[in-house]
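Hi everyone, thanks for making time this morning. I'd like to walk you through one structure, starting with a pocket and ending with a sheet.

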Amino acid sequence: MIKASKQKIFISILILLIAITVCLNYVPKFSFAEENNTTSVLSEESLVVEANDRDKQPIDLSQLSTISYSGGIAYPLEWSKLKEFVIYYIPDETTPPPISYEQGKEELPENIIYTLNISIDYLKGYVDDGIFNIGGKTIHLENVRTFTQKGENGYKNFLTNKFTLNIDSGVSGMFQEQNVTISEWGIYRFTIDINGAQIVSDFYYVKPDTIIDEAPKINYQVVSSENSMHNAFICELTNANKYKYIDDSSLVWYVKGEGQDGTKYALTADDLTKDSFIDCNASLYEYIDRTGTSFYFNDNNIAGKWQIWCEYKSYGSQDIQQSDIIIKVETGSSIDGMVLVYILIGLAITSIIVVFTIAIIRTKKDKVW
C-alpha cells in the first residue's frame, strides 16, 4: 500500500515537472529591443509638414479650406506665394520607432541605430481629377533625404533633422530608371520611414495662377537654325513676369504659313483639325514642344512666309487670350537654286586657275635661280 502511494507521488511530481517545463517553453522571451519597443506604429502627428511663403514666413495651414481628394484631404496653396516645404519628425515616446542594430555588432543599447528616410510622391495635375495614383504620371522619389541617429533614444534627436524642399528648384531622383525632377505646381505627398515604420502625410496642392489680367505680349530675335541654312527665331513674352506661375501647357504657340511652292502649312499635325487652320493641308512637324513663355521656331528647312502667335487658356476655362501681335517672318533664300550652283562652280574654277597660276610663277622663278 505504501509502495503504491509512493508511486503515485512520484508520478504526480513527474507530471508536475513536465507541466512546468511545457509552460516555461511557452513563456514569451523578451529581448532588450522588445522591452523598449512595444510598437512599430508611428503617430501621425509625428510627421510635420510646414509651408513658408516667399518671404520665408510660415503659412498657417489650419486657416486653409481643405479639399477632399483621393481618399484623403488636400491643402491648397498658391505657387506664386509658396516658397518651400519643411518636413521633419517630432519624437513621441508613446509610439517610438522600431529598434535596429548596427550591422555586425552586438544587440546592446549603444549599438542601436535609427535611419529616417523621406520620400515624395508627386503628380503634376489638378485635384479636380480626384485621383492621385495614376500609372506613369504619379512620380515616386524614394529616399530623397536620409538621416541617421545612434543610441538607445537616438530617435529623439531627429527633431533637429529637417528637410527643406524649394518649390521652384525642386528635387531630383530616379523614377522608372530615369532621372526626373519634381518642382513647381502640382500635388505633393510626403512619407517618413524610420526603420521600416512609416507615416504618410496629407496632400499638398500647389496651384498655378489661372487668372491673368493681361494678354501675352510677344517679341522675337533671329538665331541660327539647327538643321538648315535658313534663319530660326526665338519668340518670347515681354511680359513673362505676369505668366511666371502658370501651368505652361496653358500657353500654346502657333505657326501658320505658306511655302515657296504654294503649300499652306500649320505647325503640327494636330493643328490641322482646328478651324483656324482649315485652309492648311500640311504641317511642318508631326509633333513639337510649343508651350510656355518662350518658343523656338525652326521652319524644318521649308522656306516660306510665316505668322507666329501664342494663346493663353487656363485650366477649366473657355476664354482665350491671344498675343498682342502676330509676328511675321520669312525664311529661305530668294535666289534660284541653279544660280547658286553656277556661283559655286564659278568660284571653284576661279580657285583652280589662281592656284595653277601661282604654281607656274613659282616654277619660272626656280628655273631663273
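The lining of the second largest pocket divides into 8 nonpolar, 2 polar and 3 charged residues. Please keep in mind that this is a predicted model. The pocket itself holds about 260 Å³ of space. It is lined by 13 residues, and those closest to its centre are Glu44, Leu47, Ser201, Asp202 and Tyr204. Which elements give two or more residues to this lining? They are β1 and β11, the latter spanning 197-207. β11 gives the most, with 5 residues.

Now for the largest pocket, where the space comes to about 450 Å³. Here 20 residues form the lining, and Lys124, Gly125, Trp185, Asp247 and Ser249 are the closest to the centre. By class, we have 8 nonpolar, 5 polar and 7 charged residues around the largest pocket.

Where does β1 sit in its sheet, at the edge or in the middle? The sheet is open, with 3 strands in the order β1-β4-β7 and antiparallel pairing. Its edge strands are β1, residues 47-53, and β7, residues 162-166, each of which pairs on one side only. On average, neighbouring strands in this sheet are turned by 20 degrees against each other, ignoring direction.

Looking at one of those pairings, β1 runs antiparallel to β4, residues 82-89, over 7 bridges. If you'd like one to find on screen, asparagine 52 has glutamate 84 in β4 as its bridge partner.

That's my tour, and I'm happy to take questions!

Key: Residues are numbered from 1 along each chain as its sequence is written. This is a predicted model: local features need pLDDT of at least 70, side-chain atom pairs count only at pLDDT 80 or more; totals for chains, interfaces and linings use all residues. Side-chain values use heavy atoms; hydrogens and water are left out. Two strands pair if DSSP finds at least two bridges between them. Helices (H or I, at least four residues) and strands (E, at least two) are DSSP runs, numbered from the N terminus. Axes are lines fitted to C-alpha atoms, for helices over the stretch in contact, and angles run from 0 to 180 degrees between N-to-C directions. On a 1 Å grid over the protein atoms alone, a cavity is a set of points where a 1.4 Å probe fits but cannot get out, and a pocket is an open set with protein on both sides within 12 Å along at least five of seven lines; lining residues have an atom within 4 Å of a point. Grid points are joined across faces, edges and corners, and a volume is the space filled by probe spheres set on the points. Ala, Val, Leu, Ile, Met, Phe, Trp, Tyr, Cys and Pro count as nonpolar, Asp, Glu, Lys and Arg as charged, and the others, Gly among them, as polar.
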